[in-house]
Amino acid sequence: MLKIIDCEQVSREWFSARIGMFTGSTASDLHMGKTTKGYLGLIAEKAAETFFEVSSYEIEQATGKQIYSDFKPSIGINGEYGTLMEPMAREYYAKKYDEEIYTVGLCVSERWPNDVITSPDALFTRKSGGVEIKCRRSLAAHMACIKLNTPADFKKMNEKEYWQVIHNMVVCEAEQWDFVSYLPFLKPEHVMACLVVNRHDVLEDIEKHTKELEEAVKRKHALLQQQ
């Protein structure tokens with residue numbers, strides 16, 4: 001049964017629950033190659049977070065406050081925009097596609113409960129799976145999403161977002177995940193694009209990501225044993 005942590009996303013509790021965890025936002029790094037700086041850096045970071053029991057975000061916040069009393073780590077303009085627009089995108093999606101969805105803070109992997117987690121934008125009420133929402137500011141990026149027909153198209157367009165969806169499906173053992181692009185300042189027929197990703201269409205990559213997570217978890221714990 002899926003374990004859910006019911007907390008507000010981007011809250012202190014949310015960051016604490018993610019300490020040392022492999023998440024959807026860094027899922028693509030596991031497929032960069034095991035000798036790359038990105039891959040090795042991610043393993044080292046998660047091992048260090050686990051060892052010190054603190055997130056890198058909290059360290060950035062603490063060190064920043066040494067200079068600015070009201071310092072907050074930046075999530076960038078896309079992150080700020082996404083946080084603002086996501087509730088509207090969820091409401092639009094539910095009405096457009098007649099889906100019942102709900103929000104949660106975090107979903108914990110049953111297989112690796114101390115190492116792997118994800119933060120879905122929404123979960124389905126009536127079926128297995130959920131929704132990944134991207135609130136676009138770029139016309140070109142949104143148009144590329146409108147043109148998507150298959151998961152293979154999606155993977156070719158944006159591997160980072162593709163592996164994030166696959167990560168969600170692995171953690172939640174989902175049968176379906178909808179990838180949504182939302183840009184509300186357009187004609188109604190262009191506001192939202194949705195690609196349905198079914199498990200049977202991406203089973204090979206689900207198995208691949210599962211193996212990469214297994215390897216990453218082993219490497220993380222190997223580093224911890226060296227301490």
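Predicted model: local features only at pLDDT ≥ 70, side-chain atom pairs only at ≥ 80, totals over all residues.
Two strands pair if DSSP finds at least two bridges between them.

- W177 has V197 as its bridge partner in strand 8.
- Seven of the seven residues of strand 7 are buried, so the strand is largely enclosed by the rest of the structure.
- Both faces of strand 7 are covered.
- One side carries Q176, D178, V180 and Y182, and the other carries W177, F179 and S181.

- Strand 3 and strand 4 pair over two bridges, in the antiparallel sense.
- Within that pair, C107 stands opposite T118 in strand 4.

**V108 in strand 3**

- V108 lies in strand 3, which covers residues 106-108.
- V108 has a relative accessible area of 4%. Buried means under 20%, so V108 counts as buried.
- Leaving out residues up to four places away in sequence, V108 touches L2, K3, I5, P113, V116, I117 and V171.
- V108 and T118 are 10 residues apart along the chain, and their C-alpha atoms are separated by 6.6 Å.

**The nonpolar cores**

- The largest nonpolar core has 33 residues.
- F22, F154 and M169 have the most contacts inside this core.
- Five elements are listed as giving two or more residues to the core: helix 2 (37-52), helix 7 (159-172), strand 7 (176-182), strand 8 (192-198) and helix 8.
- Helix 7 gives the most, with eight residues.
- A second, separate core has 13 residues, including Y81, Y182, V191 and M192.
- What does F22 touch, not counting residues up to four places away in sequence? Its contacts include L30, L42, I43 and K46. Among the others are D115, V116, I117 and H167. L213, A216, V217 and K220 are also on the list.

**Helix 3**

- The buried residues of helix 3 (residues 56-64) are E58, Q61 and G64.
- These residues cover an arc of only 130° around the axis, which puts them on the same side of helix 3.
- Helix 1 (12-17) is included in what covers the buried residues of helix 3.

**E212 in helix 8**

- E212 sits in helix 8, which covers residues 203-225.
- Is E212 buried or exposed? With a relative accessible area of 13%, E212 is buried.
- Neighbours within four places in sequence aside, E212 is in contact with L30, H31 and K34.

**T26 in a loop**

- T26 is found in the loop between helix 1 and helix 2.
- At 17% relative accessibility, T26 counts as buried.
- T26 and H167 are 141 residues apart in sequence, yet 9.4 Å apart in space, C-alpha to C-alpha.

**The cysteines**

- How many disulfides does the structure hold? The structure holds zero disulfides.
- A disulfide needs two cysteine sulfur atoms within 2.5 Å.
- The cysteine sulfur closest to that of C145 is in C194, 11 Å away, which is too far for a bond.
- From the side of C194, the closest cysteine sulfur is that of C145, at 11 Å and too far for a bond.
- C145 is buried, at 6% relative accessibility.
- C194 is partly exposed, with a relative accessible area of 25%.

How values were computed
Residues numbered from 1 in each chain as written. Heavy atoms only, no water. Helix = DSSP H or I, 4+ residues; strand = E, 2+ residues; numbered from the N terminus. Buried < 20%, exposed > 50% of the residue type's maximum accessible area, 1.4 Å probe, protein only. Contact = heavy atoms within 4.5 Å. Core = buried A, V, L, I, M, F, W, Y, C linked by side-chain atoms within 4.5 Å. Arc of directions from axis to C-beta.
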